[in-house]
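Thanks for coming, everyone. Please bring the structure up on your screens, and I'll walk you through it.

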Amino acid sequence: MGILEVKDVNKRFGGLQALGDVNLSVAEGSVHAIIGPNGAGKSTLLNCLVGKLIPDTGSVMFAGQSVLGRKPHEINQLGISRVFQTPEIFADLTVMENVLIPCFAKRDGAFRLHAFETVANETEIGEQAEAMLADVNMLEKRDMVAASLSRGDKRRLEMAMSMVQQPKLLLLDEPTAGMARADTNNTIDLLRQIHNKRDITMCIIEHDMHVVFSLAQRITVLAQGTPLVEDTPENIKGHPKVREAYLGEAH
């Protein structure tokens, strides 16, 4: 059993079958990539995992608990964090203020400690936030306004915001989209460092195969909403079904 188990998930939008009998198992502590051509169902699947969409049929279990019917903030509280394709940050706040915000969650109409319910005081919360900024090499920019950051630094900031909640699973939706090759390589190094240091499970949706093969230990290939292959990166490379899905013809 993986930390994330997707069983026989189907999702339709009118006459369009976006997901068809999708099964996925993500091992705890692993880096698992989901790839496929445009329109393969990757984003639909991700939205089912975080509560933005509800499958028509099937189940999604995380750490033994169903995520179906839960609101996105409730899924977040279970231990799932998401990094979006376009970094979602508070542009008018400082880097440190952005990282502190996820420490609190709205419950019963009041903002209360979320990830740090056992933390005794604000000083310790600040130390935790500083540690996360240090992990993403952003500590020296803690007082900068987030809007002034480069795209690469905004991505680093969003990762710190996601990690400060101490999630068990980090979902990354095309974390290198729109980046130059140098920033892409820096992001690969950053994700590798975070994974090795924190031993966090990661699930990545990505088009850049350089990113996928640099990080993933397991890859699931989708085509037209249906899983084609799930295997190691070594076996995925050159797989005839994968080549057919991407190139339109078998080789």
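Let's start at Lys-197. With 58% relative accessibility, Lys-197 counts as exposed. Our classes are these: buried is under 20% relative accessible area, exposed is over 50%, and partly exposed is in between, with a 1.4 Å probe and protein chains only.

Before I go on, the ground rules. This is a predicted model, so local features need pLDDT of at least 70 and side-chain atom pairs count only at pLDDT 80 or more, while totals for chains, interfaces and linings use all residues. Residues are numbered from 1 along each chain as its sequence is written, and side-chain values use heavy atoms, with hydrogens and water left out.

Back to the lysine. Which residue forms a salt bridge with Lys-197? Asp-135 does, and the closest N and O atoms are 2.6 Å apart. By salt bridge I mean a side-chain nitrogen of Lys or Arg within 4 Å of a carboxyl oxygen of Asp or Glu. Asp-135 sits in helix 4 and Lys-197 in helix 6, so this pair links distant parts of the chain, 62 residues apart. Helices here are DSSP runs of H or I with at least four residues, strands are runs of E with at least two, and both are numbered from the N terminus.

A search of the whole structure finds 1 cavity of 30 Å³ or more. About 30 Å³ of space lies in that largest cavity. The terms, quickly. On a 1 Å grid over the protein atoms alone, a cavity is a set of points where a 1.4 Å probe fits but cannot get out, and lining residues have an atom within 4 Å of a point. Grid points are joined across faces, edges and corners, and the volume is the space filled by probe spheres set on the points.

Who lines the cavity? Helix 4 (122-135), helix 5 (151-163) and helix 6 (181-198) each supply at least two of the lining residues. Helix 5 gives the largest share, 3 residues. By type, the lining has 6 nonpolar residues, no polar ones and 2 charged. Nonpolar covers Ala, Val, Leu, Ile, Met, Phe, Trp, Tyr, Cys and Pro; charged covers Asp, Glu, Lys and Arg; the others, Gly among them, are polar.

Asp-208 lies in the loop between strand 10 (201-205) and helix 7 (209-215), and Arg-181 is in helix 6, so the pair ties together parts 27 residues apart in sequence. Arg-181 is partly exposed, at 45%. Glu-130, Arg-142 and Asp-143 are linked in a network of salt bridges. Then there is Lys-7 with Glu-5, at 3.8 Å, N to O. Lys-7 is partly exposed at 40%, whereas Glu-5 is buried at 5%.

Now the sheets. Strands pair here if DSSP finds at least two bridges between them. An open sheet of 4 strands runs in the order 2-1-4-5, with antiparallel pairing. Strand 2 and strand 5 (65-66) stand at its edges, each with a single partner strand, so one side of each has no neighbour in the sheet.

Strand 1 (4-13) pairs with strand 2 (16-26) over 7 bridges, and Val-9 partners Val-22. The two form a hairpin with 2 residues between them, and Gly-14 in the turn has a positive phi of about 65°. Strand 1 also pairs with strand 4 (57-62), over 5 bridges. There, Val-6 partners Val-60 and Asn-10 partners Thr-57.

The other open sheet to show has 6 strands, order 6-9-10-3-11-12, with mixed pairing. Its edge strands are strand 6 (80-83) and strand 12 (226-231).

Last stop, Ala-223, in strand 11 (218-223). Buried or exposed? Buried, with a relative accessible area of 17%. Its C-alpha atom is 9.9 Å from that of Ala-18, 205 residues apart along the chain.

Conventions
1 Å grid on protein atoms, 1.4 Å probe; cavity = no way out; pocket = protein on both sides within 12 Å on 5 of 7 lines; lining within 4 Å.
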